[in-house]
Structure formats: C-alpha cells, structure tokens
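Hi there,

I'm passing the structure over to you, as promised. Please have a look at it below, and then read on for what turned up.

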Amino acid sequence: MAHYLLSSKSKTLSLKHIFRLSEDEAFKLLKANRWGNPDNVCDVCCPHCGIRHNAYFLTSRKRWCCKHCQRYFYITTNTAFAFHKLPFVDILAAILLFANEVKGISAITMSRHLNISYKTAFVLCHKLREALFKTRDLTPMQGEIHEDGAWINFTLRKTNYHKNRSKQRDSKTKFPKFRPTKRCIISLNQHASNDETLWGSNRTIVAMDYSESANTVLALNHQFVKQGSDIMCDENPAYNGLDFHYNKWAVNHQEAFSAKGINNNLAESFNARFRDLHRGVHHKCDNKYALHYANQAAFMSDNRQKSNGDLFSDILKRCLWVLPLREWVGYWQGNHRTQELIGMTAFSSEEISQSYFKNLNERMKYEQELLAA
Ligand SMILES: [Zn+2]
C-alpha cells in the first residue's frame, strides 16, 4: 500500500484555494468555523455574555453588537487572533502552511511565503502552537503505553583538551557536567489498538523536565494513564516506580532495542519526529517554548492520517476556541512568558484553555488587563 501522504485523500485543500478567496470570503469562512451557519452572518454567539442570537451586524465595519449586553465584537474577539493586523487571507494561508509542514515550518520560511516580517511570522507561528497546546487532549490513556525521554538544547561541548578534561567532568559521577540549557522531553505514546487505519501510536502526551525524573514520570502516569495499563520503557531507573500500579515492561537498550517483542519503539519514533522538527527545522528553541514545539510534533504525529483540509479546519477551530494568548499579544513590546513549563506545571489550569475561566467576571477582568497592556 502506498504511503498515506502520496494518496489523493491526504490532499483536500490547496494554497491556491486560500489565495483566491477575497477578504469577504475569508471572513465568511472564519465565521462558519467559529459559529457555524455560514448562510446567516447575524447568527452568532456573543463572546462577552455567551448568548447565541441574531446580533446586529454592521457590514461596513464587520462588527456585531450584542442585543443583550450591548457590547461590540468582531470575528476575532476573544480568539488567538484578537488584535490582529494581518489580512484574514494571510492568516488562513499561514494555518495551511503550518498544517502542510509535517516536520514544522520555520518563521523565516513563513515570512518569505507570506511576505511579512520575521517578527510577525514568529509570533503567528507561536500563536498556532500555543492554541494547539492549550487545547490538548488530556483524557487518560490506556492499553499499551510507550514512554521515553529525549534530550534537547544541549550545546556542543568545547574543544576537549586532555588537560581540561577533569574540569569538564563532574567530580563525583565522572560524567560530563550538566549544561544549563539541557532539558528532557518526556513522551507518553498510546498504541493504536483496534484501529485498522492507523499503525503505531494514536495519542501522545508530552512533558518537560530537567532530566528524566522519577517523580515527574510517576506523576504523569498517575494523571494520564489508567491503572493496570502496560508500560513499555527502557532500562532507565526513573520508570522503576511504575511497577506497583502498572505492568512495566523494560527493554535494556544496551543489549537490544527490541527483545522478545518488548520495545518502546513508539516513543523512539516520536523522539525521531520531534528531533527532525527541533533540530532539523528550528535548530534550537527557548526552553520556555520547548514544550510547545514538542506538542506540535505530537499533534502532527497523532493526526498523520488526516487530510490537510481536515488539519486546517482543526487548527483554525482551536485558534478560534482559545482566548487571546497572554504571551503573544504584544510579544515584541515585552509580553513574554516568565517561566518554563517544568514537570507538571504544564498541566496546571492556566495552561488548559477549557478550565481557564470559571466565571464571566474573571474573563472580563482578563480582557481589561489585555487592553491595558
Ligand atoms: Zn452579549
């Protein structure tokens, strides 16, 4: 059987189609993806009070006014594209380019394709990544789970002179010293069982830590893997704590990569995909955003059998679903993420969009904060 990406099923949308859209047609496409009902432009759900009704629509401004709370809103109000300056067509084209590049797209390439500045492209790509991140599927996995860690951002060692060697090594362990930017991306990969269309893994959850730490591995498994599942891992002692609640199967990589049918190759495949994206395209990334890159690789890997048209509308819907992203509104004016997503902080409620705002007051306060920034 030919590779999926060679089949016509994988190609359902082309850039040509996006670029032929007028700004009004692109607006309609966004409206259809956000609130459905493409035929009636007035049928919307007010992003301020949450009531669905036929709102007043001012065509010249492309602006609605809510009949209930009397507030104005636009198509991108309270979405990842809030406060946008780019034309809608460019934003849609960026999403399609992002979806088409399985191993990631660099901001430079994006800026060349769309003839926008590097800074704009950088922020736009990150908005897409963070929208994917905030809408991750975090329901517990079960069955066969492959787990492994991958090192990132370890800089190359300096010239290794013999006389300096003792200084470059840790005096106790005799291993080379830990480089400060080095992090570990830990991935949990669920084996696709009873799925005729998909080989390998069908869901991936990623986390980051300073090393493959036993505490993080245990906490991750307790939160995202059902008890009694089969865990496939390597000989790393970080996985030893899993014996109690799970069936742990370890393969010693010093001897073999697959022994008696036991391997963690799904995790190794993910690592290979992620490394292609991280080192092959982006070369390096800030540790503050490293998990977003890893999650992009996980998303692309989990959805590898979807057509690019489906991927496009999936990513677009997620961007229209999440609220404006605090770090990326005014990034070049100094709005930056303040800390890395180490260990389980990546799964705190602020990092998951659905539980982000428990009530409307909080949401309104947040909007005012954003406008003041
Ligand atoms: Zn309203």
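**Helix packing, sheet and zinc site**

Helix α5 (residues 118-134) packs against helix α10 (residues 308-321) with the axes 9 Å apart and an angle of about 85 degrees. That makes α5 roughly perpendicular to α10 (65 to 115 degrees; under 35 counts as roughly parallel, over 145 as roughly antiparallel and the rest as oblique). Axes here are lines fitted to C-alpha atoms, for helices over the stretch in contact, and angles between N-to-C directions run from 0 to 180 degrees. Helices (H or I, at least four residues) and strands (E, at least two) are DSSP runs numbered from the N terminus.

A word on provenance: this is a predicted model, where local features need pLDDT of at least 70 and side-chain atom pairs count only at pLDDT 80 or more, while totals for chains, interfaces and linings use all residues. Residues are numbered from 1 along each chain as its sequence is written, and side-chain values use heavy atoms, with hydrogens and water left out.

Back to the α5 and α10 pair: L128, A131 and L132 in α5 meet I315, R318 and C319 in α10, where contact means heavy atoms within 4.5 Å. By class, this contact has 5 nonpolar, no polar and 1 charged residues (Ala, Val, Leu, Ile, Met, Phe, Trp, Tyr, Cys and Pro are nonpolar, Asp, Glu, Lys and Arg charged, and the others, Gly among them, polar).

Helices α2 (residues 23-35) and α3 (residues 88-100) have axes that come within 8 Å and cross at roughly 55 degrees, so α2 and α3 are oblique to each other. On the α2 side, E23, A26, F27, L29 and L30 meet F88, V89 and L92 of α3.

Next, the sheet: 5 strands form an open sheet in the order β8-β7-β6-β9-β10, with mixed pairing (strands pair if DSSP finds at least two bridges between them). β8 (201-209) and β10 (247-251) are at the edges with a single partner strand each, so one side of each lacks a neighbour in the sheet. Strand β7 (residues 183-191) pairs with β8 in the antiparallel sense over 8 bridges. Helix α7 (residues 214-224) lies across β6 (144-152), β7, β8 and β9 (230-234), at about 30 degrees to β7.

Finally, the zinc ion is coordinated at 2.3 Å by the SG atoms of C46, C49, C66 and C69 (donors are N, O and S atoms within 2.8 Å of the metal, or 3.2 Å for Na, K and Ca; water is not among the atoms, so sites may look incomplete). The site is tetrahedral, with angles of 105 to 118 degrees among its 4 donor atoms (four donors count as tetrahedral if all angles lie between 85 and 135 degrees).

Best wishes

Definitions and conventions: Tetrahedral: all angles 85-135°; square planar, octahedral: opposite > 155°, others 65-115°.
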